[in-house]
Amino acid sequence: MRKGAGGVMIRNFRKDDIEEVMKLWLDTNILAHDFIESNYWKGNFDAVKVMISNATIFVYEQKGIVKGFIGLIDGYIAGIFVCNACQSKGIGKKLLNHVKEKYDQLFLQVYKKNNRAVNFYLREEFSIQNEQIDENTGEIKFAMKWNKLSSSVKACSC
């Protein structure tokens with residue numbers, strides 16, 4: 001658990017977070033992926049709710065309210081979700097930095113049309129490994145990877 005000023009902390013997910021986290025998951029996906037029917041996300045809601053119990057989740061909490069979260073399964077980032085009103089305020093970066101401290105490699109998939117997310121991950125030193133079609137949506141996804149070793153090498157300009 002990492003506490004900051006103003007009642008802000010990054011902490012492990014608790015079971016009583018599930019309703020806030022799932023609302024955030026649904027709202028954020030619908031907003032970020034306007035190129036995919038909202039029924040797709042609504043149709044996957046219950047399955048994701050079950051999968052969350054098998055994932056590693058860190059929440060960003062401010063004054064007792066979950067403002068964002070990151071979900072991982074064995075170094076695979078299933079997603080970073082930040083409430084719409086709180087986006088572009090560094091919450092996603094703080095969540096990502098939190099897991100970068102814990103893992104040597106991170107992987108994810110992001111929709112090519114989600115330019116905001118693609119640019120965020122590129123800025124955060126992820127590289128595009130390949131692209132593929134998501135069979136469920138018909139949309140192109142980038143597979144991206146981050147390595148602690150290559151990241152720390154770039155940071156050292158000796």
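Lysine 141 lies over the face of tyrosine 111, at 5.0 Å from the ring centre. A charge counts as sitting over a ring if NZ of Lys or CZ of Arg is within 6 Å of the ring centre and within 35 degrees of the ring normal. This is a predicted model, in which local features need pLDDT of at least 70, side-chain atom pairs count only at pLDDT 80 or more, and totals for chains, interfaces and linings use all residues. Residues are numbered from 1 along each chain as its sequence is written, and side-chain values use heavy atoms, with hydrogens and water left out.

Now the aromatic rings. A pair of aromatic rings is described by the distance of the centres and the angle of the planes. Rings of Phe, Tyr and Trp (its six-membered ring) pair if their centres lie within 6.5 Å; planes under 30 degrees apart are stacked, over 60 edge-to-face, and the rest tilted. The count by this rule is seven aromatic pairs. One of them joins tyrosine 40 to tryptophan 41, edge-to-face, at 4.8 Å centre to centre with 80° between the planes. Tyrosine 40 is partly exposed at 23% relative accessibility, while tryptophan 41 is buried at 7%. Here buried means under 20% relative accessible area, exposed over 50%, and partly exposed in between (1.4 Å probe, protein chains only). Phenylalanine 120 and tyrosine 121 also pair edge-to-face, at 5.2 Å centre to centre and 65° between the planes. Phenylalanine 120 is buried, with a relative accessible area of 15%. Tyrosine 121 is buried too, at 8%. Ring pairs also link Trp25, Tyr40, Trp41 and Phe45 into a cluster.

Phe120 and Tyr121 lead on to helix α4. This helix spans residues 115-123, and its buried residues are Ala117, Val118, Phe120 and Tyr121. They cover an arc of only 160° around the axis, so they lie on the same side of α4. The arc is taken from the directions from the helix axis to the C-beta atoms. Asn115 and Arg123 are exposed, on the face of α4 turned away from its buried side. Helices (H or I, at least four residues) and strands (E, at least two) are DSSP runs, numbered from the N terminus.

Next, the surface. Ile73, Tyr76 and Phe107 form a nonpolar patch there, with about 230 Å² of accessible area together. Patches are made of residues with over 30% relative accessible area and no salt bridge; like charges are joined within 9 Å, nonpolar side chains (Val, Leu, Ile, Met, Phe, Trp, Tyr) within 5 Å. A salt bridge is a side-chain nitrogen of Lys or Arg within 4 Å of a carboxyl oxygen of Asp or Glu. Accessible areas come from the Shrake-Rupley method with a 1.4 Å probe; for residues, only the protein chains shown count as cover. Phenylalanine 107 is found in strand β6, residues 105-111. Phenylalanine 107 is partly exposed, at 32%.

Leucine 31 lies in helix α1, residues 18-32. Leucine 31 is exposed, at 53% relative accessibility. Its C-alpha atom is separated by 8.2 Å from that of asparagine 84, 53 residues apart along the chain.

Two loop residues deserve a look. Lysine 63 is not a glycine, yet has a positive phi of about 50°. Lysine 63 lies in the loop between β3 (56-62) and β4 (65-73), and is exposed at 67%. Serine 88 also has a positive phi, near 65°. Serine 88 lies in the loop between β5 (76-82) and α3 (91-100). At 67% relative accessibility, serine 88 is exposed.
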